[in-house]
Amino acid sequence: MSAAATAAAVDARGDVARCPWARTPEEIAYHDAEWGVPVRDDRIHFEFLVLEAAQAGLSWLTILRKREGYRRLFAGFDPAVVARFTPADVERLLGDASIVRNRLKVEAAVRNAQLFLDVQARHGSFDAFIWNFVDGRPVCNQWRELSQVPATTPLSDTVSKELKRLGFKFVGSTVIYAHLQATGLVNDHLTSCFRHAEVAAARRG
């Protein structure tokens, strides 16, 4: 980041300027290191499919605080392992308070893992499948205010529709837009945020 850009990313108190939704230590760490960085790893894509679906109706902070529980119970987010979970495994997960104990969400995670493997088989990787929707290039938005950032876009509508057609669950347009933001297909850091330019400069591949 240039000296001018660095100066612009510092607020009147001398603090680093970041997206205003990042307030708690967990949110700040996630925002500064992960959010919006282009993802190439299928396991990370699967992780965010599980976590974003789990978030539905809840706060992202709740999910961040349960992330390690999900990582432990969902085999490090290995879709090949999760795809083999049995009804007994589902009951075991539902008895553990370290995750969101919602039966529909847990069962959806198992089913989505199975479909995730189907996508990998057809496209070589889930990564190749989802990046094709943006022709391999991240969408870099130029939002100045948090109120400008949308909950859904035509892009998320399209991806959601295709995933639903394939049978995925908990993949509505709002969930999918959150996934696109998280995995860097879309850069929605505010232009005043120090991460906007850094993420925009990131290259996939």
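In these legends, Ala, Val, Leu, Ile, Met, Phe, Trp, Tyr, Cys and Pro count as nonpolar, Asp, Glu, Lys and Arg count as charged, and the others, Gly among them, count as polar. Keep that sorting in mind for the views that follow, which all come from a predicted model.

**View 1. The largest pocket and its lining.** The largest pocket holds about 600 Å³ of space. Its lining is made of 22 residues, and those closest to the centre of the pocket are Trp35, Gln55, Trp60, Ala178 and Gln181. The largest share comes from H10, with 5 residues. Sorted by class, the lining of the pocket has 15 nonpolar, 3 polar and 4 charged residues.

**View 2. The cavity inside the model.** How many cavities of 30 Å³ or more does the structure hold? There is 1, and the space in this largest cavity is about 50 Å³. Look for Val50, Ala53, Ala54, Tyr70, Phe74, Val100, Lys105, Val106 and Ala109, which line the largest cavity. Helices H3 and H7 are the elements that give two or more residues to that lining. By class, the cavity lining divides into 8 nonpolar residues, no polar ones and 1 charged.

**View 3. Aspartate 96 and its contacts.** You can find aspartate 96 in the loop between helix H6 (87-94) and helix H7 (103-123). The side chains of aspartate 96 and serine 98 are joined by a polar contact of 2.6 Å. Once neighbours within four places in sequence are left aside, aspartate 96 is in contact with Arg72, Leu73 and Arg101.

**View 4. The buried face of helix H6.** Which residues of H6 are buried? They are Asp89, Val90, Leu93 and Leu94. Seen down the axis of H6, these buried residues fall within an arc of 140 degrees, so they line one face of the helix. What covers the buried residues of H6 includes helix H4 (60-73) and H7.

**View 5. Helix H11 and its packing partners.** Helix H11 spans residues 194-201, and its residues Phe194, Arg195, His196 and Val199 are buried. The buried residues of H11 pack against H2, strand E1 (139-140) and strand E2 (186-187).

**View 6. Two residues with a positive phi.** Alanine 75 is not a glycine, yet its phi is positive, at about 55 degrees. Alanine 75 is found in the loop between H4 and helix H5 (79-82). Aspartate 135 is not a glycine either, and its phi is also positive, at about 55 degrees. The place to look for aspartate 135 is the loop between helix H8 (126-131) and E1. How do their surroundings read? Alanine 75 is partly exposed, with a relative accessible area of 29%. Aspartate 135 is exposed, with a relative accessible area of 68%, and a residue needs over 50% to be called exposed.

Key: Residues numbered from 1 in each chain as written. Predicted model: local features only at pLDDT ≥ 70, side-chain atom pairs only at ≥ 80, totals over all residues. Heavy atoms only, no water. 1 Å grid on protein atoms, 1.4 Å probe; cavity = no way out; pocket = protein on both sides within 12 Å on 5 of 7 lines; lining within 4 Å. Points joined across faces, edges and corners; volume = space filled by probe spheres on them. Helix = DSSP H or I, 4+ residues; strand = E, 2+ residues; numbered from the N terminus. Polar contact = N/O pair within 3.5 Å; in protein donor to acceptor, adjacent residues only side chain to side chain. Contact = heavy atoms within 4.5 Å. Buried < 20%, exposed > 50% of the residue type's maximum accessible area, 1.4 Å probe, protein only. Arc of directions from axis to C-beta.
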